[in-house]
Amino acid sequence: MLAITPAALLRLRSETRSAVSVAPVKAAPVKKLSRTRREAIVDLLARLMRRAEPTPFAIEGPARAAIRARLCESGWKWGQADAAADEAVQAALSRVGAERPTWQQGQPEWTQEAVLPILRETCARCGKPLPEETQGPTKYCGPVCAAATRVYRRSREDKEEARVKRSIYEASWAEKQPPRECKMCGKSFRPKWRTSKYCSVACGEEAKLASRRGVRMVQKSV
Ligand SMILES: [Zn+2]
Ligand SMILES: [Zn+2]
């Protein structure tokens, strides 16, 4: 039998890895976001990253794609848009103090070093006892449960990605809106959504109460 030591495995993987080359991308002349716009984007990203699960890096890709798409829509060249998006995402990552795991930390051996793999007796998805002939550590009773878990995880990631994209689109829409007048207190405010009518949650609540009172008054007078 061919035995391979963990050290040899790591070396083998790093060799395979360094052999991969990426087609060169023509560098576009640098174009920069205005300071205020960049600041707004980095702020928003940092806020999203603080909530991201399991780490801020979970939204690194989708955020970059969403910002890039937004910039391309407003006439930026792809390369320039991508560079500016990446710059903003990296700035947000460092603002929230995210530390990228090293490549070695990303390897399965890292987590298994000096730790015994968990030996389960039941399937992590359906709870049925695992078949006895299973060799080594396994989590699922069979390919169906393993695949179902993959699909579930994938759909959760898709939802998270969609949520991040939506936030970025909403924020960039809001940025371009002229101020509106609050229908309750008359103060001028920047709308967050197309349907925003009030400057604050408090004004919105007040309006709801007022309209209920109004209905009651009308009912009484009829
Ligand atoms: Zn199962
Ligand atoms: Zn108001």
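Predicted model: local features only at pLDDT ≥ 70, side-chain atom pairs only at ≥ 80, totals over all residues.
Donors are N, O and S atoms within 2.8 Å of the metal (3.2 Å for Na, K and Ca); water is not among the atoms, so sites may look incomplete. Four donors count as tetrahedral if all angles lie between 85 and 135 degrees. The ideal angle for four tetrahedral donors is 109.5 degrees. C182 lies in the loop between β1 (180-181) and β2 (188-189), and C199 in the loop between β2 and α7, so the pair ties together parts that are 17 residues apart in sequence. C182 is buried, at a relative accessible area of 4%. C199 is partly exposed, at 24%. Buried means under 20% relative accessible area, exposed over 50%, and partly exposed in between (1.4 Å probe, protein chains only).

Residues are numbered from 1 along each chain as its sequence is written, while chains are lettered from A and ligands numbered from 1 in the order in which they are written. Local features need pLDDT of at least 70, side-chain atom pairs count only at pLDDT 80 or more, and totals for chains, interfaces and linings use all residues; side-chain values use heavy atoms, with hydrogens and water left out.

The zinc ion (ligand 1) has C123 (SG), C126 (SG), C141 (SG) and C145 (SG) as its protein donors, 2.3 Å away. This site is also tetrahedral; the angles among its 4 donor atoms are 104 to 115°. Its donors follow the spacing C-x2-C-x14-C-x3-C. C141 is partly exposed, at 24% relative accessibility. C145 is buried, at 10%. V144 belongs to helix α6. V144 is exposed, with a relative accessible area of 68%. From C-alpha to C-alpha, V144 and R125 are 9.8 Å apart in space, and they are 19 residues apart in sequence.

The protein has 7 helices and 2 strands. Their order along the sequence is α-α-α-α-α-α-β-β-α. Helices (H or I, at least four residues) and strands (E, at least two) are DSSP runs, numbered from the N terminus. Of the 222 residues, 24% are buried.

The largest nonpolar core holds 25 residues. Such a core is a set of buried Ala, Val, Leu, Ile, Met, Phe, Trp, Tyr and Cys residues joined through side-chain atoms within 4.5 Å. L45, I67, L71, V89 and I168 have the most contacts inside it. At least two core residues come from each of α2, α3, α4 (78-95) and α6. The largest share, 8 residues, is that of α4.

The largest pocket has a volume of about 900 Å³. On a 1 Å grid over the protein atoms alone, a pocket is an open set of points where a 1.4 Å probe fits, with protein on both sides within 12 Å along at least five of seven lines; lining residues have an atom within 4 Å of a point. The lining comprises 31 residues, with E170, A171, A174, K192 and W193 nearest the centre. Helices α2 (35-51), α3 (60-73), α6 (143-175) and α7 (201-221) each supply at least two of the lining residues. The most, 8 residues, come from α6.

Conventions:
Points joined across faces, edges and corners; volume = space filled by probe spheres on them. Tetrahedral: all angles 85-135°; square planar, octahedral: opposite > 155°, others 65-115°.
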